[in-house]
Amino acid sequence: MRLMRAAQKHSDDMAEKNFLSHTGSDGSSPWDRIKRENYPLLSGGETVAGGQQPPADVVTAWLGSKPHREILMGQYRDIGAGYAFRAGTDYGYYWTIDVGVSSDDGQRPLPSPTPTAPKPPPCPTATPTPYVPPTRTPIPTRTPTQVNPPVPTATSTTPSNTVTLVVTPEANTAGWTMNGEAGNHFDDDDLYSGAYGGRLYLSGIQFDLSRLPVGAQILSAQVELTGQTAEYILSDPPEGWKLQVLSRAADDNWPSHNYNDLRNATVLATIPPTLTKSNVGTGTVDTFAFEAAQLGELVGRAKLSFRIDGPTSGNAVMSWDTGYGQDSRYSGPKLSIVYVPSDNNPTQTPVASKTWTPVPLPTSTPNPGLTDQEQRTIDLINQRRAGLGLPVLRVDMALVTAARAHSRDLSEHGLCEHIGSDGSTPWDRVQRAGYTGRAVGEVVGCGYDTPEGVVNAWFNSDGHRAILTDPNVNEIGIGWWGTNCQNYRQTGLTGWRDGGTTPTPPTN
């Protein structure tokens with residue numbers, strides 16, 4: 001009933017204030033509203049919709065959208081639904097679904113992937129890095145016939161160590177805006193840019209660069225756009241169409257940007273060429289190639305945001321295809337990066353642990369509450385510790401519960417970081433799971449499909465190895481989640497218990 005109350009209140013809020021968003025009229029997030037109802041959230045998700053009247057229609061719309069379907073079909077345990085109607089509003093009918101897993105379940109193991117699932121294809125050889133999509137809960141406003149984008153891949157292009165990374169944007173990170181509108185159309189099939197009928201249009205695209213290894217030497221990069229329609233180009237203004245790289249400040253809150261946000265964003269570089277009426281057309285692939293001096297804009301960024309500028313006078317609006325939406329006909333934007341990997345094995349910044357006096361440790365024994373992957377990962381870590389003359393770590397099921405919940409949260413939301421989708425820290429999560437030890441360290445792995453792979457990566461990183469070989473910790477929890485090499489996530493938690501001392505949050 002707590003999720004029911006949270007969902008119903010949000011639907012009432014949207015209907016009363018005439019808006020459709022995951023952000024409440026008071027600025028609240030889904031996690032804020034769920035927690036207000038005293039639901040002890042470990043992880044969760046939300047879908048909203050407007051305009052559909054029968055329940056069958058709204059469910060059909062959600063299940064027809066990949067991001068919404070993944071939330072509704074996710075491995076959650078609880079659900080709440082809310083519905084409200086207000087005549088005279090933009091949508092009339094307002095729907096909310098909240099799903100979640102609560103810490104009320106205690107230390108009962110979370111669901112693991114179906115063991116009979118077919119083995120996924122081999123993972124790319126490039127070192128997986130954090131993957132952070134710009135949003136987690138897009139809003140369906142119509143029944144889509146969405147074309148799923150290809151998964152970003154890293155494939156060797158030559159017998160040498162040159163790698164090509166191909167990235168496509170998430171569904172709600174590519175679309176268009178129009179002056180005078182408060183919102184955007186980032187769930188549409190068009191990338192409109194230009195001027196028409198006295199209106200100005202700007203498009204935005206954001207790519208996730210977290211699969212680009214830290215320290216990689218970038219050799220070349222290009223963006224490809226495929227024309228959706230040129231039917232609104234009635235004049236031939238001199239400005240043309242330009243692809244602009246925006247500053248890092250534009251990356252934040254990208255899915256909520258409107259026309260003014262895009263227009264006022266700082267431009268760092270214009271990627272050639274500038275297109276004219278003669279260059280563009282329906283089905284035409286336009287390629288923008290980074291110059292050598294512009295490749296630095298790709299370095300050190302988790303996301304890369306672009307704006308497509310067009311004519312500001314006359315009647316000339318070009319549209320490129322986003323690859324999404326019910327009228328999509330062509331491939332969406334594609335960013336291709338050719339690079340040479342460094343010798344590093346980066347994943348993410350480890351969460352530092354505290355320093356304590358060593359404590360005698362028991363011998364590791366198989367734990368029936370662990371999956372084979374989790375047990376094997378712990379065994380490998382303890383073997384490494386033993387080889388260094390360190391005592392083995394004992395399994396703590398509260399740490400396992402917290403680790404599993406975080407791995408699932410990362411997998412289902414496409415994340416790879418220490419901050420959860422609800423803003424939680426490692427310390428928040430172990431407290432929710434009931435851990436009573438004094439402190440905790442966390443390591444995260446993404447994209448590895450074997451215990452050997454992720455343990456090797458952790459021990460090849462100074463920061464991660466320091467946490468796993470801390471001589472002062474005596475407990476461990478490992479959580480695996482995922483169904484294939486793109487969404488496998490592993491979380492390792494270490495802690496120290498000395499008989500129930502009041503927990504103290506770790507310091508960096």
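## A tour of the disulfide and the aromatic rings

Start by selecting Cys416 and Cys446: these two form a disulfide, with their sulfur atoms 1.8 Å apart. (A disulfide here is a pair of cysteine sulfur atoms within 2.5 Å.) Before moving on, know that this is a predicted model, where local features need pLDDT of at least 70 and side-chain atom pairs count only at pLDDT 80 or more, while totals for chains, interfaces and linings use all residues. Residues are numbered from 1 along each chain as its sequence is written, and side-chain values use heavy atoms, with hydrogens and water left out.

Still on the cysteines, what does the link join? Cys416 is in the loop between α7 (397–413) and α8 (426–432) and Cys446 is in strand β17 (residues 440–446), so the bond ties together parts 30 residues apart in sequence. Those helices (H or I, at least four residues) and strands (E, at least two) are DSSP runs, numbered from the N terminus. Look along the S-S bond: the angle about it is 95 degrees, and the link of Cys416 and Cys446 is right-handed. Cys416 is buried, at 2% relative accessible area, and Cys446 is buried too, at 4%. (Buried means under 20% relative accessible area, exposed over 50%, partly exposed in between, using a 1.4 Å probe and protein chains only.) A search of the whole structure turns up one disulfide.

Next come the rings. The whole structure has 12 aromatic pairs. Rings of Phe, Tyr and Trp (its six-membered ring) pair if their centres lie within 6.5 Å; planes under 30 degrees apart are stacked, over 60 edge-to-face, and the rest tilted.

Select Phe207 and Phe306: they make an edge-to-face pair, 5.9 Å centre to centre with 85 degrees between the planes. Phe207 belongs to strand β8 (residues 199–208) and Phe306 to strand β13 (residues 303–309), 99 residues apart. Phe207 is buried at 1% relative accessibility, and Phe306 is buried at 0%.

Phe290 lies in the loop between β12 (285–289) and β13, with Phe306 in strand β13, so the pair ties together parts 16 residues apart in sequence.

For a group, pick Trp176, Tyr192, Tyr196, Tyr201 and Tyr232, which form one aromatic cluster.

Last stop: which rings have a charge over them? The charged end of Arg384 sits over the ring of Phe459, 4.9 Å from its centre, and that of Arg408 sits over the ring of Trp481, 5.4 Å from its centre. (That takes NZ of Lys or CZ of Arg within 6 Å of the ring centre and within 35 degrees of the ring normal.)
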